[in-house]
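Please keep the viewer open as you read.

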Amino acid sequence: MRIGVITFPGSLDDVDAARAVRLAGGEPVVLWHGDHDLKDVDAVVLPGGFSYGDYLRAGAIAARSPLMQDVVDAAKRGLPVLGICNGFQVLCEAGLLPGALTRNSHLHFRNRDQVLVVERADTTWTTDFTVGQRILIPVKNGEGRYVGSDADLDRLEGEGRVVFRYADGNPNGSSRDIAGVASENGRVVGLMPHPEHAIEELTGPSTDGLGFFTSVLKAVVSA
Amino acid sequence: MSEDGTAGQGSATAGLSELDTGPGRLRNRLDTVDLAASTPADEQPFAELGLKADEYARIKDILGRRPTTAELAMYSVMWSEHCSYKSSKVHLRQFGDLPPSEALLVGIGENAGVVDVGDGYAVTFKVESHNHPSYVEPYQGAATGVGGIVRDILTMGARPIAVMDSLRFGRADAPDTARVLPGVVAGVGGYGNCLGLPNIGGELLFDDCYAGNPLVNALCVGVMRHEDVRLAKAEGVGNKVILFGARTGGDGIGGVSVLASETFDAEGPAKRPAVQVGDPFTEKLLIEACLEIFAQDLVTGIQDLGGAGLSCATSELASAGTGGMHVDLDTVPLRDSTLTPAEILMSESQERMCAIVEPDKVEAFLAVCRKWDVRAAVIGEVTDGDRLTVDWHGERIVDVPPRTVAHEGPVYERPMARPADLDALQADDAARLPRPGTPAELQAHWLAVVSSPDGADKTWVTEQYDRYVRGNTVLAQPDDAGVVRIDEESNRGISLSLDGNGRYARLDPYAGAQLNLAEAYRNVAVSGAKPLAVTNCLNFGSPENPEVMWQFAEAVRGLADGCRELGLPVTGGNVSLYNQTGDVAINPTPVIGVLGVHDDVRTRIPTGWRTTGETVLLLGETRPEFGGSAWASVVHGHLGGKPPAVDLGAERALRNLLTALAGQGLVSSAHDLADGGLAQGLAESALRYGVGARLRLDGDAFTALFSESTARVVLTTSDPGGVKTTAAWAGVPVTELGTTGGEALAVEGLLELPLAELRAAWSATLPALFGGPEHSTPFTVPTGAVPTA
């Protein structure tokens, strides 16, 4: 199964996302932001980093890159897409996911090992989890505070599109402890924490992050 | 090349407004080589530019005429203390005289030394200061300090893989510390995080002596294959000189150099910030572009632009090569079109590199730059002959032998004198200080040391750093050493530690340098790695003060002797002088970095206790040694006596033992004992995962807890017999301290310190000093709360 990982100028965790795909049993495919070429991948990961230096707004410039136009079109046709951290910001800026990520409430970049509670185990990226499961995933961001109007957040919750919530402490002041959300069809998921940093005992606080990648591989196989 | 503005020279000058218009009556004309030759008697502001009269005379002697203003500017920055190492050079030679090491592929003299770590991998690492800029503008000063050292590593042909930072500030509760520290930490994090380099460790210490002169030392480490090592030299007549990266602006003029912004008068150009402004996004693109350029073998030589900017890069490249280079300054991409040629030559704008490229590879080179949106311009070429020439608007403004600029600057044997107060200081023995008289006092002192700003939890800082990016970080702060995997197939990896106790060095700079070396060596060994090589950042006061010069010379001698005894090469380093406020110098602070190699990082030893029921062992011997200790400093505000005895033989034995234990898999945790002694080591081991211990301290419990005797490690094992057998083989004394478990550090018959109380005190200190309300709730490590797959 071919999982594309997009590299934008300033992407940092692209190598990590590719490693996660590989360790989960998939074939990582390098995608370049400037090409109009999705290389027939079965799913796409938008990795963490500081695309375009976070200039203008985090994710704003990358959301308008050539390849993102193809990603938006393909996502509308059902291509599974995962946005991690800066990738989540790009998905929000591109209109594939609702809400916005703003400066952390405490104004610092914060990197810690974070407990998340899984609220949806039926999205394309979370079928290997169970609802209510607590997973340990690193979070690291300066602009990770998820915000939306109360009405929008109510609607999002009503539609069951909150996929993960922070537990045992909210690292960035996100509304309603929201760590990740999904598109209506559950095939596009974005979250601030970094599952690609929790895939090996040697280098991560857990291996819980592998579940994202094994989930999508199963979805792709059965599709 | 150092970029530290602390290497100081005279104050800023009155002459800058004349820089490009020639002296005196000729000030409205471009000061060309021809003009200089025809107006030999014109006065030039050499003294204001920081040059001594004899140095200026030597420049005239070299050139056979007076220098042009552009030439004068180049010489003045390149002959400054931190570019020329003119006060330190005679001492630093001792590092070059160390016995040759098989591990050393590239030694001192290049941008960074290169070490063979096995399997065809080479590692380059270096630590450098950015002290003064960080005091003036904490965020940008620290950020560009990281940027500069990363480019040094990149220049060697390596992919940078991690950074570390060693930070020192004035008293933690001083108002100015609250101004400087948050900005420095945010700057180190802001730049490193955006570059995608994990921060794997460092130091954070406080002392009054750094109040007006904080120390910001940044380390970068990079990895490459042996055959990929690049050198900074310009060879091959006709090869092109390409400047790439950010455009050149007016920022940083006066950073490293003698020119400061106040010299601009009302009629001159606008005031320029003396501190450079960093753009890590551009540097990230520069890194990726460079690595692609290296992979396609498109350069014959490369140099980063740091302190002294183009002046340094062109003269060093030419000097190290065949000698000839011509640059057409009009081709340099500018951010500010009003810059004068001397300003362009001296600008310290960040994120720039200079490459030497064969003509038929120029197009491929430029194509890689285009792919990564990196600006690049051919600004000159390698010429035959031995002159560096620079033209501006078709006129020659520089014509110099590059070696005289870059490598043949002045060298001084500064007078030295043992500090007059040293005897009294050493006689003021910390052993005479009042000790805790009751178990309750002992417990109070324990808490005081552990919750002091030096001993306290550093999470407030390290949370602001990305330690995960690139996915190869095996250990990072608060572990004793940072450990990074460099090969995912073989699990080969490296280990690094940075240590620099200034109190010890103040009491005895020779021993102090060795103690810092020993601590860094021990930290690397504690992780299970084999120590391979040493880098250093020598932070001292003014070399014009004979007592400071003596401290410097003693520290260098101590470090060189220590490295000889441990069999380690010094691969390079950085000297930062003039770290003082008024006449008062900082404590001499030689920060020592040791690099080690892990054949298999899976055998690394972490620091914290995870498991109940394991035996706690103390390796090494504890003597009543309190001089310069954390206890004396925290409890009594005292600095006096002699530092703990250096025993490098014992350090070696300990290292052999730890390597063996790591290989046997006999140890579940190990923690080096240094500042704060066993008290600090036990607290950090227990708090890491919330596992306490029941302990027996035979003999004097105070000495056991607070002595800072060296060559000691506390470890835990489920096989104490096995460890003891191996320790006997290695000749390392072992003391059984007790068993892990419970929710307290309990010392039999004396005291029981609940971990909750310890954690509250330990983790509240920095947030209370520097954090807002959201930082005041200690965050506990959630490990254990979640079952991992």
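## A helix to start with

The expected span here is 1.5 Å times one less than the number of residues. Helices (H or I, at least four residues) and strands (E, at least two) are DSSP runs, numbered from the N terminus. H7(B) is mostly covered, with 18 of its 18 residues buried. A residue counts as buried if 20 or more other C-beta atoms lie within 10 Å of its own, as exposed if 12 or fewer do, and as partly exposed in between, with C-beta atoms placed from the backbone. Just after H7(B) comes Gly157(B), which takes a positive phi of about 100°.

Before going further, some ground rules. This is a predicted model, in which local features need pLDDT of at least 70 and side-chain atom pairs count only at pLDDT 80 or more, while totals for chains, interfaces and linings use all residues. Residues are numbered from 1 along each chain as its sequence is written, and chains are lettered from A and ligands numbered from 1 in the order in which they are written.

## The sheet in chain B

Chain B has an open sheet of six strands in the order S14-S15-S16-S21-S17-S18, with mixed pairing. Its edge strands are S14 and S18 of chain B, each of which pairs on one side only. From one strand to the next, the twist averages 20°. Two strands are said to pair if DSSP finds at least two bridges between them.

| Strand pair | Sense | Bridges |
|---|---|---|
| S15(B) and S16(B) | antiparallel | four |
| S16(B) and S21(B) | antiparallel | seven |
| S17(B) and S18(B) | parallel | six |

Where can you find these pairs in the viewer? Arg485(B) stands opposite Gly493(B) in S16(B), and Ser495(B) stands opposite Gly596(B) in S21(B).

How many residues of strand S16 of chain B are buried? Seven of the seven (residues 493-499) are, so the strand is largely enclosed by the rest of the structure. Gly493(B), Ser495(B), Ser497(B) and Asp499(B) point one way from S16(B), while Ile494(B), Leu496(B) and Leu498(B) point the other way, and all are buried.

## A helix and the sheet

Helix H19 of chain B (residues 546-566) has 21 residues, which should span 30 Å at 1.5 Å a residue, and its end C-alpha atoms are 30 Å apart, in agreement. Buried residues of H19(B) include Val548(B), Phe552(B), Leu559(B) and Cys563(B). The helix is followed by Gly567(B), whose phi is positive, near 70°.

Most residues other than glycine have a negative phi, and most peptide bonds are trans. A few places in chain B are worth a look with that in mind.

His393(B) has a positive phi of about 55° although it is not a glycine. His393(B) lies in the loop between strand S12 (388-392) and strand S13 (395-400) of chain B. Is His393(B) buried or exposed? It is exposed, with 11 other C-beta atoms within 10 Å.

Tyr578(B) is not a glycine either, yet has a positive phi of about 65°. Tyr578(B) sits in the loop between strand S18 (570-576) and strand S19 (580-581) of chain B. With 24 C-beta neighbours inside 10 Å, Tyr578(B) counts as buried.

A cis peptide bond joins Gln477(B) and Pro478(B), with omega about 10°. Pro478(B) is in the loop between strand S14 (473-475) and strand S15 (482-485) of chain B.

Chain A has five helices and eleven strands. Its C-alpha trace spans about 40 × 35 × 35 Å along the principal axes. Of the 223 residues in chain A, 63% are buried.

The contact between the chains takes 36 residues from chain A and 34 residues from chain B. Two residues are in contact if their C-beta atoms, placed from the backbone, lie within 7 Å. On the side of chain A that touches chain B, helix H1 (14-23), strand S6 (110-118) and strand S7 (134-141) of chain A each supply at least two residues.

Conventions
Axes fitted to C-alpha atoms, helices over the stretch in contact; angles between N-to-C directions.
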